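Hello,

Here is the structure I promised to pass on to you. Have a look at it first, and then read my notes below.

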Amino acid sequence: MQRDQQIQDLLVRSASYLDEDQLEKWVELFEEDAVYRVTTAENLRKGYPVSIIYCEGREMLEDRIAALRNANIYEPHTYCHVLSLPQKLQTEEGELVQTRFIVTRIFEDGRTDVFATGKYVDRYSDEGEDCRFKSRTVVLDSRAIDVLLVIPL
Amino acid sequence: MSIDGLQWPAEGACRVPYQVFSDSEIYAQEQKRIFQGPTWNYLCLETELDERDKSLTATIGEIPVIVSKDRLGTIHALVNRCAHKGALVQLQREQTGKLLTCVYHSWSYDKGGELKGVAFRNGVNGSGGMPDDFRMENHSLERIRVTVFAGIVWGTFSPDTPPIEEYLGSEASAFLSQSMTGDLKIIGTHSQIIHNNWKLYAENVRDTYHATLLHTFYTSFKINRLDMDGGILLSPSKLNAISYSKRRTLSENAEYQSAKVHSAKYEATLKGKQLLEAWDERPDGVTHSIQTVFPTLVSQYTLNSLAVRIYLPKGPRKTELIWIFLGRKSDTPEQEKMRVLQANLTGAAGLVALEDGCINEFVQRGTAAFPDKTSFIEMGGREAESNRCSRATETAVRGFWTGYRELMGFEGK
């Protein structure tokens, strides 16, 4: 039960860090060599390796966050994540945890829309360790991104 | 303001009336004069038709199209509109089968568009059925001219469109062939909905002036700067352009610092250095190129990140930008990995390119209330000519408008 609690806690914290502009804290939820990937259901179905975001190791995630803080230009906006209950799956590659999500996007002038739906397919640290993401694959249901994707999902 | 009332300013291609970005009548005319006019439009990659009996949907302007290859190896493109009631014949992006069958009343066509079957043609139990003078050959799907070049299947509605290599110009043909050479394969795809007129994106990809100013990542990480050897080549029609640079030739220019441009302020170093690991792939030493083919194709080479982008108009104020990332079947696992990592640079979340998702919308929003005002496009002069020395110019943008005005009949107005 304690493990389930840890997983749930990590899921909720990762969503709220993204929604509340605590991206530097969000990065710390990943293991040093974690893989974070945002792709589409279509790319996975066809076995395409190229993603929309592909970060290998926490350092690449840190670069992304530094870029969005200092370099990238975009209209300011925030997200609101809504998550399903996590579902554990036993696979050949070990235990995966799948959680569905809806993310709405809110611009400064109040425009609010459904930005993304999909699922997280996560792998967590081994039991007994600090619970972090070993890998997180964000699988988007749609192939289309409205405007752009800069804040991670 | 109507299309007849459009007064193109006397300065010519250095001025663009903002009306052209939001006027629905002009938009409707573009569908006729450009997309159904003498232009070659991207339909799909040749490799997508490798699988036997596969047919794909595509779009020319807003016109739905089916592309397929028959068993003799001939590639066909057809308007995706049943000859009976006009329903879409193929709904899915990809489909396999020898015939194309409309779901509405089961009319079926071969890959060349010839009508092969009409359900209940002779009626049921001796009654109903088509009149005696019904002729199958009078009800084909509308055919579109097709050509294959540089691994791309192209389509045109017009019998007057020149052969593709003439359409592109010789330099552009050679460049595109070199980019798209070899055994291509798709390694990823997604799309981006951008809230602007398609021509704003067409300008944007020809605008070498903005590239290193808006896109900080380019400049800071020295992927593409104007102080590298590079240039911009325009096709004889002015509609197609190539901008290229060679990363090895950087001689840091003080202009980036003294001009206090946003993009030079961010002097970061990457922690994840693997992002920019690359190998020399092109014999000409080009490490970054954006090649545009009128109306809606871009071929991109950012280090080893090879991609095609197609931007499809979805109304005067909306465009779908499709990204197709490419590799080669002969890539080693290490090479494919580099392409996968470098794909972070472009696309909807591209570290160097994501700004283009919103910047054109900012122009759309800024200009919407001012149809009779114009833009000012004189960086690098007032001509639309190739420039082999510098990309601090808007020459390719002027080239686009030169060709656009001609096609739309806005010349000399």
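**Strand β3 of chain B and its partners**

In chain B, strand β3 (residues 54-60) runs antiparallel to strand β6 (residues 94-96), and 3 bridges join them. Strands here are DSSP runs of E with at least two residues, helices are runs of H or I with at least four, and both are numbered from the N terminus; two strands pair if DSSP finds at least two bridges between them. B:Leu56 has B:Glu94 as its bridge partner in β6(B). β3(B) also pairs with strand β4 (residues 63-69) of chain B, again in the antiparallel sense, over 6 bridges. There, B:Thr57 is bridged to B:Ile66. The hairpin of β3(B) and β4(B) has 2 residues between the strands, and B:Gly61 takes a positive phi near 60° in it.

β3(B) is mostly covered, with 5 of its 7 residues buried. A residue is buried if 20 or more other C-beta atoms, placed from the backbone, lie within 10 Å of its own, exposed if 12 or fewer do, and partly exposed in between.

Before you go further, please note that this is a predicted model: local features need pLDDT of at least 70 and side-chain atom pairs count only at pLDDT 80 or more, while totals for chains, interfaces and linings use all residues. Residues are numbered from 1 along each chain as its sequence is written, with chains lettered from A and ligands numbered from 1 in the order in which they are written.

**Helix α11 of chain B**

Helix α11 (residues 395-408) of chain B has 14 residues, and 10 of them are buried. Among the buried ones are B:Phe400, B:Trp401 and B:Tyr404. The buried residues of α11(B) pack against several elements of chain B, including β1 (15-17), α1 (24-35) and β13 (229-234). Just after the helix, B:Gly409 takes a positive phi of about 75°.

**Where the chains meet**

β8(A) pairs with strand β12 (residues 184-194) of chain B in the parallel sense, over 3 bridges. In that pairing, A:Ile145 stands opposite B:Gln192.

Enjoy exploring it!

Best wishes

Methods: The expected span of a helix is 1.5 Å times one less than its number of residues. Two residues are in contact if their C-beta atoms, placed from the backbone, lie within 7 Å.
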